[in-house]
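Let's walk through this model together, one piece at a time.

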Amino acid sequence: MSSPDPDALFQVAVAKKPATKGKQQPAATLPVAKVYVDVPLAHLDRTYDYLVPDKLDADAVPGCRIRVRFAGQLVDGYLIERVAESDHPGTLQFLDRVTSPEPVLAPDIARLCRAVADRYAGTMIDVLRLAIPPRHARAEAEEAAEPAPRPSTPDPSGWARYPRGAAFLDAVKAGRQANAVWQALPGEDWPARLAEVAATAASAGRGAIIVVPDHRDVTRVQAACAKLAEGVVALSADLGPAKRYRGWLSIRRGVNNIVVGTRASAYAPVADPGVVIVWDDGDDQHSDQRSPYPHVRDVLIQRGTLAHTTVLVAGFARTAEAQLLVDSGWAPEIVATRDAVRAAAPRVTAIGEHDSQLARDPAARTARVPSVAFDAARAALTAGHPVLVQVPRRGYVPALTCQECRTPARCRRCAGPLHQGSSGPPSCRWCAAADANYRCPSCGSRKLRAVVIGAKRTAEELGRAFAGFPVRTSGGTEVLAAVSDDPAIVVATPGAEPVARYGAALLLDAWALLNRADLRATEEALRRWMTAAALVRPAGDGGRVVVMAESATVAVQALVRWDPVWHAQQELGARTELGFPPAVRMASVDGTPSAVDAFLTEFPLPPTGEVLGPVPVGDLDKDGQAVRERALIRVIRGQGRALASALATAQAVRTARKEQSPLRVQVDPLDLV
């Protein structure tokens, strides 16, 4: 028998070998994946089609993290959905790998992120960075716990002081959309009230999200929620990546359904949310400092609209934006009666509110701490209560003004600001020239005073004035969460006031807040004052608040009467007259002069659009030319979407051209002037 021919055997083997061996095959069902790639360029802000290889068929689920080849590079991305066919006429690439089969991007969160990106003229991937925390593999590998049980319906008596409070809770319990703006009474235990709203939604089998400004508020609200329900998760940056991602995953997996956190919590993947809440929406920490710079209030409004969920905007003060929600009928207000306000509010005293005050203390208008403030502090300490002293800044501020008329002290050589060093006469911050014989150009006085003496210096001065009582400071990196109700002087910067039942509050250097070059100066001043004054005992219990500002000022009058609604109405009316947000939609464009000019030249301005500027921003170069410029673009509110769309289109053109000059575009920025 002859041996087989080797060449013939080789030909048979080749014939039997599959022609596709070594090549990837697409999945049998829904082989096309629509993917958002992590490339933050405006002209690439859309989904791209990729083939799902059969080996990744089980792991490539909608919402998972993936890696793909894009423009020759391996980049991250998110798989949005899988479909049967692609509209792309060319050849599709395969997914490189699935980073994790965990579906971190829920469909409703993807829709929310797209809506936020469109509203703020941003890109989807930028919003996804804000919404989804970085992956932590060890936390992801842990087994999910059992879902938290439904809590019982909480006692609604805490809302009895608000005429519409009970009806609001009933709507949340029944699952009806009942948007509202809540004005909390002074002294209100607001963490408990918000916890009751969240627990009411959870008792009906729905979720709740509470967004607060900082981690101290997160701690307070989480503790209040934990008393009423088990499924409570806190999310804030100070938790650390592993703990934060573990908590976020418990929400995504349905283990917990009540979320308390800072601004990123607005995107928390709570299943079927029944209510979303933002507390103190005027706090600038609710505005993200990363592109596209969204505000928590607007994110939650978008979420409530898409999911037909109740939105609650709450706080002691009220912003013009919240007032617009009320005036438009989108959100009815929840406010207490005037009798309840008078019973809960402390007595507020302003400078010059009656002639007898000035007769007793002629220097009250110029003194930093007039006699009426000393009297209030002394009475509270004698009664055994702590005294809160709010100072706009921390540390020492050496800038000077005239002692009599408070005109800023300027250098006679270069007009720079004067400051007082540790020794010697006042000198200029710009040219260092000394001025030992300064005389005020307005009133002729030779006396100078510090513009704003910071919290540390204030604590030293008050410690000498009230010897025998401890003095504590809170602000900067040393923030106290709470202090005891024992008599003491507590000096704090705005937003760092420790929780306590104070007998009095002294609001120093109020003019420094009111005179800021900011569109929201008076609104922000009133918000900070009310936050501090809300910690003071009611007037019936001896509570006093002394604000060092003229009584005729609108913000001071709102504080004296404890009427934030009236002030918000005044503020909204003024902005409507001037054509500023929220009465209109506005965008700012800032960058180098050439970049701003080129952008405005090609920008497709909406029909009602108007360009203000550009104007110089920041320092000038050595030739006296502007390094950066800013222009404002405003349209009527009805064309806000058109403005955002036009801005997105213009930015896409810039990135497609590979423009090198940086340009920042913000829609409805907080700092307009």
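Helix H19 passes helix H20 in a right-handed crossing; a crossing is right-handed if the near helix is turned clockwise from the far one by less than a right angle, and left-handed if anticlockwise. Helices (H or I, at least four residues) and strands (E, at least two) are DSSP runs, numbered from the N terminus. This is a predicted model, in which local features need pLDDT of at least 70 and side-chain atom pairs count only at pLDDT 80 or more, while totals for chains, interfaces and linings use all residues. Residues are numbered from 1 along each chain as its sequence is written, and side-chain values use heavy atoms, with hydrogens and water left out.

To find the pair, look for H19 at residues 593–602 and H20 at residues 640–656; they pack at an angle of about 120 degrees, with their axes 10 Å apart. Axes here are lines fitted to C-alpha atoms, for helices over the stretch in contact, and angles run from 0 to 180 degrees between N-to-C directions. That angle makes H19 oblique to H20, since angles under 35 degrees count as roughly parallel, over 145 as roughly antiparallel, 65 to 115 as roughly perpendicular and the rest as oblique. Ala595, Phe599 and Glu602 of H19 make the contact with Leu647, Ala650, Gln651, Val653 and Arg654 of H20 (contact means heavy atoms within 4.5 Å).

Now turn to the open sheet of six strands, which pair in parallel in the order S13-S22-S21-S14-S20-S19. Two strands pair if DSSP finds at least two bridges between them. At the edges are S13 (347–351) and S19 (471–474), each pairing on one side only. From one strand to the next, the twist averages 20 degrees. S19 pairs with S20 (residues 489–492) in the parallel sense over four bridges, and Val471 stands opposite Ile489 in S20. Helix H13 (residues 371–382) packs on this sheet, touching S13, S14, S20, S21 and S22, and its direction makes about 165 degrees with that of S22. Helix H16 (residues 521–533) also packs on the sheet, where it touches S14, S21 and S22.

The other sheet to visit is open too, with five strands in the order S2-S1-S4-S3-S5 and antiparallel pairing. S2 (48–51) and S5 (97–100) each have a single partner strand, so one side of each is left without a neighbour in the sheet. Three bridges join S3 (residues 65–70) to S5, and Arg67 stands opposite Arg97 in S5.
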